Amino acid sequence: MTSARRMLIDANTTPFYHVVNRCVRSAFLCGEDKLTGRSYEHRRGWIVDKIKALSAIFCIDICAYAVMNNHYHLVLKIDVEEAKTLSPKEVISRWCQITKGHTVATRYMNGEALIDGERMLLDGLITEWHERLSSISWFMRCLNEEIARKANREDGCKGAFWEGRFKSQALLDEQALLACMMYVDLNPIRAGIADSLQSSDFTSIQERISALKQVNNIIISPQAPVQSAKNKPQTINKSLAKFDAATHSSQQTGIPFHFADYLELIDWTGRAIRHDKKGFIDNQRPKLLNELGIASDAWLSSAKDFRRQYSGISGRWDAMCAFKLQQGGKWCRGKSSSEALHPNQPLG
């Protein structure tokens, strides 16, 4: 039995969530149809461009993404602090980039006087829109509706494009977040359609590595890149969530790791799970595994089978049970990245 989305997503418990959506039947999101020879590769760009544009509107950051042939993965972070700082005019301005808004809101933005009834209506609208701007459900709705319309228009057909509502997993701690991001970034390598991080097209790790190379070019030769950056047209797209290693500080606002440590770990993990490197594990354990106390075998198992190991939540066993109890559930299953597999157990 499916659960209400409000029971699966709670920003007060954790801001990090893994979401997945798949095309209906054998419809192609991207890739190439070998039967017809028709290529759908350009649709990958639709997904990436749209999630970046929506991230700039919503108070939701993109931690990781991977766009595959008939599905895509996202790791999202609800930016609760940013949502708190939005003024009424910012809420209206952002929401009107998604929908037509409301005539009362338009009049308010134009500086027109409102009667008491209109002010009450406007206050209700602003409260509702404010909540939606930090809602993963609304983020996914805006993403999926536009992609479905564009794909159906291109295919000359009607009807459902996605097989159902998106699936979500709450990531309750650092280990769960790290394992999930790694699982998402390594999707093309694990599926055998890429043999390196650099060739893993339409993934966040490829984008981050490309951005790192550009930064290095600026450091080596600062004049030319700065000049070209000035001439580059402005874009409304938002960059990926930043790595912020101030894990135990109240000032930590991004992904709680150093990017250099993440890059080291994903390179090590990618080499270990490649089909032509079966069973190979470098003796030099990455720094993050040592810091978080994660066993190498357990880590590689999570990197390959993260979604199968967990249901709608991932984290330490006690945290998963507490989350499930809070949402009214009676059963919890899964295993921690650093602990043995727990069988299904009743809560309480």
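**Exercise 1. Strand 2 and its partner**

Task: Work out how many residues of strand 2 (residues 60-67) are buried, and how strand 2 is joined to strand 3 (residues 71-78).

Solution, step by step:

- Start with the terms. Strands are DSSP runs of E with at least two residues, helices are runs of H or I with at least four, and both are numbered from the N terminus. Buried means under 20% relative accessible area, exposed over 50%, and partly exposed in between, with a 1.4 Å probe and protein chains only.
- Now count: eight of the eight residues of strand 2 are buried, so the strand is largely enclosed by the rest of the structure.
- Next, the pairing. Two strands pair if DSSP finds at least two bridges between them; here seven bridges join strand 2 to strand 3, and the two run antiparallel.
- Finally, I62 stands opposite L76 in strand 3, and a hairpin of three residues links the two strands.

A word on the model: it is predicted, with local features needing pLDDT of at least 70 and side-chain atom pairs pLDDT 80 or more, while totals for chains, interfaces and linings use all residues. Residues are numbered from 1 along each chain as its sequence is written, and side-chain values use heavy atoms, leaving out hydrogens and water.

**Exercise 2. The two sides of helix 6**

Task: Find which residues of helix 6 are buried and which exposed residues its opposite face carries.

Solution, step by step:

- Helix 6 (residues 116-132) has 17 residues and reaches 25 Å from its first C-alpha to its last, close to the 24 Å expected at 1.5 Å a residue. That expected span is 1.5 Å times one less than the number of residues.
- Its buried residues are E118, L122, L125, I126 and W129. They cover an arc of only 105° around the axis, which puts them on the same side of helix 6; the arc is taken from the directions from the helix axis to the C-beta atoms.
- Turned away from that side, the face with D116, M120 and E131 is exposed.
- The cover over the buried residues includes helix 4 (88-95) and helix 5 (103-109).

**Exercise 3. The cores**

Task: Identify which residues have the most contacts inside the largest nonpolar core.

Solution, step by step:

- A nonpolar core is a set of buried Ala, Val, Leu, Ile, Met, Phe, Trp, Tyr and Cys residues joined through side-chain atoms within 4.5 Å.
- The largest has 53 residues, and L29, L74, I136, F139 and M140 have the most contacts inside it. Its largest share, eight residues, comes from helix 7 (residues 136-155).
- Apart from this core lies another of 39 residues, including C180 and F259.

How values were computed
Contact = heavy atoms within 4.5 Å.
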